[in-house]
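Subject: Structure handover

Hello,

Here is the structure I promised to pass on. Please open it alongside this message.

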Amino acid sequence: MIQGSIVALITPFHEDGSVNFKRLRELIDWHVDHKTDAILVLGTTAETPTLTLSEEDEIVRIAVEQAAGRVPIIAGSGSNNTMVAMEQSIKYEKMGVDALLVITPYYNKTSKAGLVNHFFQVADAVNLPILVYNVPGRTGISIGYDALKEISQHKNIVGIKEASGDMSLVCKFAGLINDNFNIYSGNDDINVPILSMGGAGVISVLANVLPEETHEMAAAYLSGDVKKARDLQVKYLDFINALFIETNPIPIKEAMNLMGLNVGGYRLPLCPMADDTRAVLRGEMEKLGLL
């Protein structure tokens with residue numbers, strides 16, 4: 001089971017909007033050098049809904065090739081079409097990823113039975129560990145405790161990226177933790193609280209700009225240094241909140257560009273930050289000495 005800090009990697013673009021695959025390779029090396037424990041491609045932060053299937057395939061191919069086994073590569077293979085999720089999952093397994101992230105089927109807003117069947121169908125199609133992804137703010141549907149209890153019984157489903165922001169729900173989910181199933185924080189503002197409920201790690205937006213610090217936050221808690229983990233959570237909380245002052249990944253890519261990481265812009269409907277929110281983000285970065 002993967003532990004620690006998993007970066008939810010952005011997708012770098014050229015000025016013309018095409019994917020900057022060279023920069024993608026450089027970012028993967030940068031994360032390996034800066035203690036990131038695993039890399040997630042094709043997540044929410046990657047602007048995946050605006051990528052073509054061929055671009056997604058090339059991103060996965062490059063990530064696996066460039067990581068070269070130095071860190072695990074997780075690929076987002078989910079869809080609101082179960083057959084598509086199965087096909088993408090099979091494809092990425094053949095390409096050599098270490099695990100898959102499968103989001104709840106958005107827009108369709110299925111029933112509990114539909115949710116369970118969706119995840120079972122995908123999990124049956126591959127022999128890779130799967131993390132289910134609960135992010136109701138994006139999908140319009142949340143995985144309930146009863147549904148997750150059933151879903152977590154599948155041998156290939158090893159955890160949940162929990163991004164509802166609902167700590168009461170996290171506490172319920174914590175009762176499902178066992179040797180084959182765990183929780184990963186999907187909200188940087190409550191990384192340590194989720195770790196305190198037995199979580200195995202974090203799937204982090206913050207790690208795009210502070211990979212070592214995010215690694216240290218998770219590693220400290222997992223090694224028993226609660227004070228260090230808590231202090232890091234508190235230290236970066238205002239900056240974390242600024243990273244979500246507009247829709248992710250708009251602020252994180254702005255922050256990366258301000259720091260000279262040169263990841264380019266966005267694809268519509270995402271667009272550059274407004275002047276007032278950019279000023280807030282920049283102010284928080286200046287307080288931390290990042291600029």
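Below is what was found in it, taken region by region. Please keep in mind that this is a predicted model.

The barrel

Eight strands close into a barrel. Their order is β1-β2-β3-β4-β5-β6-β7-β8, and the pairing is parallel. From one strand to the next, the twist averages 25°.

Two of the strand pairs are worth a look. Strand β2 (residues 38-41) pairs with β3 in the parallel sense, over three bridges. There, Leu40 stands opposite Ile74 of β3. Strand β5 (residues 130-134) and strand β6 (residues 157-162) are also a parallel pair, with five bridges. Asn134 has Glu162 in β6 as its bridge partner.

Strand β3 covers residues 73-76. Ile73 and Ala75 point one way from the strand, while Ile74 and Gly76 point the other way. All of these residues are buried. Helix α2 (residues 53-67) lies across β2 and β3. Its direction is at about 175° to β3.

The cores

The largest nonpolar core has 82 residues. Val41, Leu100, Ile143, Leu148 and Ile151 touch the most other members. Helix α10 (residues 226-242) gives the most to this core, with six residues. A second, separate core has 16 residues, including Ile6, Ile74, Ala99 and Ala163.

What does Leu100 contact, leaving aside its neighbours within four places in sequence? The list takes in Ile74, Ala75, Ser77, Ser89 and Tyr92, along with Val126, Leu128, Pro129, Ile130 and Leu131.

Helices α9 and α10

Two packed helices are described by the angle between their axes and the distance between the axes. For helix α9 (residues 211-222) and α10, the axes come within 7 Å and cross at roughly 145°. The crossing is left-handed. On the α9 side, the contact is made by Glu213, Glu216, Met217, Ala220 and Tyr221. On the α10 side, Val226, Lys228, Ala229, Leu232, Gln233 and Tyr236 take part. The residues of this contact divide into seven nonpolar, one polar and three charged.

Glu212 is also found in α9. Not counting residues up to four places away in sequence, Glu212 touches His34 and Lys35. Glu212 and Asp231 are 19 residues apart in sequence. In space, they are 15 Å apart, C-alpha to C-alpha.

Helix α11

Helix α11 (residues 250-258) is mostly covered, with seven of its nine residues buried. Those residues are Ile250, Pro251, Ile252, Lys253, Glu254, Ala255 and Met256. Note that Lys253 and Glu254 are among them. Which helices do the buried residues of α11 pack against? They pack against α1 (21-33), α10 and α12 (275-287). Gly260 follows α11 and has a positive phi, near 85°.

Met197

Met197 is in the loop between α8 (191-196) and β8 (201-204). Its relative accessible area is 29%, so Met197 is partly exposed. Not counting residues up to four places away in sequence, Met197 touches Met167, Val170, Cys171, Ala174 and Ile177. Lys172 is 25 residues from Met197 in sequence and 9.7 Å from it in space, C-alpha to C-alpha.

Backbone points to check

Most residues other than glycine have a negative phi, and most peptide bonds are trans. The following depart from that.

- Asn248 and Pro249 are joined by a cis peptide bond, with omega about 10°. Pro249 lies in the loop between α10 and α11.
- Leu268 and Pro269 are joined by a cis peptide bond, with omega about 15°. Pro269 is in the loop between α11 and α12.
- Lys35 has a positive phi, near 75°. Lys35 lies in the loop between α1 and β2, and counts as partly exposed because its relative accessibility is 40%.
- Leu42 has a positive phi, near 65°. Leu42 is in the loop between β2 and α2. At 5% relative accessibility, Leu42 counts as buried, since the cut-off is under 20%.

Best wishes

How values were computed: Residues numbered from 1 in each chain as written. Predicted model: local features only at pLDDT ≥ 70, side-chain atom pairs only at ≥ 80, totals over all residues. Heavy atoms only, no water. Core = buried A, V, L, I, M, F, W, Y, C linked by side-chain atoms within 4.5 Å. Buried < 20%, exposed > 50% of the residue type's maximum accessible area, 1.4 Å probe, protein only. Helix = DSSP H or I, 4+ residues; strand = E, 2+ residues; numbered from the N terminus. Contact = heavy atoms within 4.5 Å. Axes fitted to C-alpha atoms, helices over the stretch in contact; angles between N-to-C directions. Left-handed = near helix turned anticlockwise from the far one by under 90°. Nonpolar A, V, L, I, M, F, W, Y, C, P; charged D, E, K, R; others polar. Pairing = 2+ DSSP bridges.
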